[in-house]
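Please keep the sequence and the 3D view at hand while reading.

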Amino acid sequence: MAHVEKRQASVPAPLEWEYAPAPEARDIVQIRDRYGLFIGGEEVEPRSGEWFTSISPSSEEQLFEVAQAGKEDVGLAVSAARDAFVNGWSEIAPAERAKYLFRIARILQERSREFAVAESLDGGKPIRESRDVDLPLAAAHFFYYAGWADKLEYAFPQRDPKPVGVAAQIIPWNFPLLMLAWKIAPALACGNTVVLKPAETTPLTAMLFTDVCRQAELPPGVVNVVTGDGATGAHLVKSEGIDKLAFTGSTEVGKLIQRELAGTGVKLTLELGGKAANIVFDDAALDQAVEGIVNGIYFNQGHVCCAGSRLLVQESIYEPLIDKLKRRLSTLRVGDPLDKNTDVGAINSKAQLERIRELVASGEEEGAEIYQPPCRLPERGYWFVPTLFTNVAQSYRIAQEEIFGPVLSVLTFRTPEEAVEKANNTAYGLSAGIWTEKGSRILWMVERMRAGVVWANTFNRFDPSSPFGGYKESGFGREGGRHGLEPYLTFE
Ligand code: NAI
Ligand code: MG
């Protein structure tokens with residue numbers, strides 16, 4: 001622990017408690033030196049001959065090497081998925097298919113500590129979150145979709161649902177295993193086979209997952225994993241022989257993919273960025289709202305597509321709310337992701353840290369007022385102090401662009417109409433939050449908000465039975481729930 005960042009710490013910090021370190025044991029994960037590609041049920045060396053290193057963003061320590069799949073490798077993975085689809089997987093009894101998914105879910109539960117530590121090591125998120133959110137939810141997705149496997153004809157009556165074929169899936173680094181589960185569980189439940197490309201900074205849990213597939217005796221080729229960067233992703237998008245592509249990541253890459261696939265007949269779903277409004281009315285329970293605001297933007301270092309990154313506060317409660325919020329910010333513990341007391345972990349990569357710094361600098365230049373609590377940051381690794389901007393105009397970049405970091409922009413409003421207008425004044429439309437005691441106001445707001453998910457008196461709540469997805473530049477298609485089956489099926 002080293003330098004102390006102090007900027008405008010105008011609100012007195014509450015009594016600071018010294019916590020003894022409470023590190024989770026890291027040796028529960030056996031990390032190998034190298035991981036190859038998972039193709040046709042076997043781990044193979046990449047034909048490309050290329051490898052790259054995955055580091056831990058909290059220490060910059062090199063953790064392992066992983067294959068950089070080239071065009072030929074991706075082609076082999078797609079062929080393996082096709083073979084597995086044609087030779088059995090699409091035809092086995094749906095109730096049998098469900099058994100594999102139930103098995104995977106149970107194994108994830110059994111190995112949850114190991115996976116949680118791996119996720120925090122490779123990606124930097126606090127163990128409290130990987131343990132209590134990512135892992136339980138990933139298992140829950142497999143349980144949930146296992147239940148649908150033999151009920152598809154009831155989910156879509158008179159429509160004769162059939163699997164699409166080979167599903168290519170490209171996922172980001174903010175919830176590596178959870179995004180894998182969101183993608184793989186519905187695909188398999190519907191009888192498809194999969195080629196998955198994890199993000200380049202966080203491939204570890206996907207590689208451990210290939211071991212879960214073996215343990216569950218999943219037939220070879222049903223799940224294939226090709227690691228690599230955006231170039232590998234681009235090969236997968238351009239592969240002949242994919243029937244469906246599911247992508248979660250930046251709007252920029254989403255647009256590239258949409259352009260590439262236009263007119264090919266490949267089914268596409270895109271889950272892209274967001275700039276959610278978290279709206280607090282003057283009748284809201286303020287202390288609860290403060291917890292919701294903190295959870296909305298500082299959860300997972302703000303690396304959340306549905307993060308509540310724009311706080312809209314009704315003018316009459318502006319001062320008490322901001323005071324409470326600043327006080328609460330000063331209690332957040334930033335540091336070692338493997339420490340069970342840590343609230344805010346490491347920024348996922350150097351590139352992401354630079355993106356955050358650039359946008360924060362733009363906020364200061366454009367005239368917003370910055371608040372950062374006194375905070376001790378570790379010397380090595382990538383870190384960013386939880387940050388709050390007040391005096392933000394709607395035109396500022398920090399009010400328009402996705403920062404994807406622990407940075408909140410505060411705006412105000414007077415009437416519900418103005419709140420709706422400001423909330424919808426964005427190119428995105430993924431999520432929103434409303435804090436009020438009035439049920440009728442919640443319903444009035446929900447009808448007018450262009451957001452795929454609207455939380456009321458809570459934020460960042462996820463459940464496998466609830467559909468999730470966006471409007472406008474946040475993408476299209478839904479994941480989760482019965483709706484999440486549809487992109488993986490074709491109909492008569
Ligand atoms: P990205 O969109 O480049 O990465 C997401 C995934 O797409 C990764 O697996 C990556 O390897 C792959 N990819 C990159 N280029 C590709 C291409 N041309 N074809 C196919 N696949 C490709 O996102 P990046 O650069 O990591 O983050 C940039 C910004 O995107 C973040 O600051 C954040 O604002 C946003 N983002 C949003 C996410 C979300 O959950 N909606 C997740 C990650 C990033
Ligand atoms: Mg890593």
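A residue is called buried when its relative accessible area is under 20%, exposed when that area is over 50%, and partly exposed in between, as computed with a 1.4 Å probe on protein chains only. The structure is a predicted model, in which local features need pLDDT of at least 70 and side-chain atom pairs count only at pLDDT 80 or more, while totals for chains, interfaces and linings use all residues. Residues are numbered from 1 along each chain as its sequence is written, chains are lettered from A and ligands numbered from 1 in the order in which they are written, and side-chain values use heavy atoms, with hydrogens and water left out.

By the definition of burial, N460 is buried, because its relative accessible area is 9%. Helices (H or I, at least four residues) and strands (E, at least two) are DSSP runs, numbered from the N terminus. In these terms N460 is found in the loop between β19 and β20 (475-476). Most residues other than glycine have a negative phi. N460, however, has a positive phi, near 50°, and is not a glycine. K472 also has a phi near 50°, a positive value in a residue other than glycine, and lies in the loop between β19 and β20. K472 is partly exposed, because its relative accessible area is 39%.

Strand β19 (residues 453-456) holds W455. With a relative accessibility of 7%, W455 counts as buried. Contact here means heavy atoms within 4.5 Å. When neighbours within four places in sequence are left aside, W455 is in contact with C306, S431, A432, G433, I434, N460, R461 and F462. From L63, W455 is separated by 392 residues in sequence and by 38 Å in space, C-alpha to C-alpha.

The next topic is the metal site. Donors are N, O and S atoms within 2.8 Å of the metal (3.2 Å for Na, K and Ca); water is not among the atoms, so sites may look incomplete. Which atoms coordinate the magnesium ion (ligand 2)? They are S54 (OG), I55 (O), D122 (O), D122 (OD) and T201 (O), at 2.2 to 2.6 Å. Along the sequence, the donor residues of this magnesium ion (ligand 2) follow the spacing S-I-x66-D-x78-T. S54 counts as buried because its relative accessibility is 1%, whereas I55, at a relative accessible area of 26%, is partly exposed.

Helix packing comes next. Two packed helices are described by the angle between their axes and the distance between the axes. Axes are lines fitted to C-alpha atoms, for helices over the stretch in contact, and angles run from 0 to 180 degrees between N-to-C directions. Angles under 35 degrees count as roughly parallel, over 145 as roughly antiparallel, 65 to 115 as roughly perpendicular and the rest as oblique. A crossing is left-handed if the near helix is turned anticlockwise from the far one by less than a right angle, and right-handed if clockwise. For residue classes, Ala, Val, Leu, Ile, Met, Phe, Trp, Tyr, Cys and Pro count as nonpolar, Asp, Glu, Lys and Arg as charged, and the others, Gly among them, as polar.

Helix α6 (residues 176-189) and helix α7 (residues 204-215) have axes that come within 8 Å and cross at roughly 50°. At this angle α6 is oblique to α7, and the crossing is right-handed. P176, L177, L180 and I184 of α6 meet T205, A206 and F209 of α7. This contact has six nonpolar residues, one polar residue and no charged residues.

Helix α1 (residues 71-89) packs against helix α8 (residues 230-238) at an angle of about 50°, and their axes are 9 Å apart. The angle makes α1 oblique to α8, and these helices also cross in a right-handed manner. K71, V74 and V78 of α1 touch T232, H235 and L236 of α8. By class, the residues of this contact are three nonpolar, two polar and one charged.

In helix α14 (residues 416-424), A419, V420, K422 and A423 are buried. The buried residues of α14 pack against β13 (277-280), β14 (310-314), β17 (407-413) and α15 (439-448). The axes of α14 and α15 come within 10 Å, crossing at roughly 35°, and the crossing is right-handed. Its contact is formed by P416, E417, A419, V420 and N424 of α14 with R441, W444, M445 and R448 of α15.
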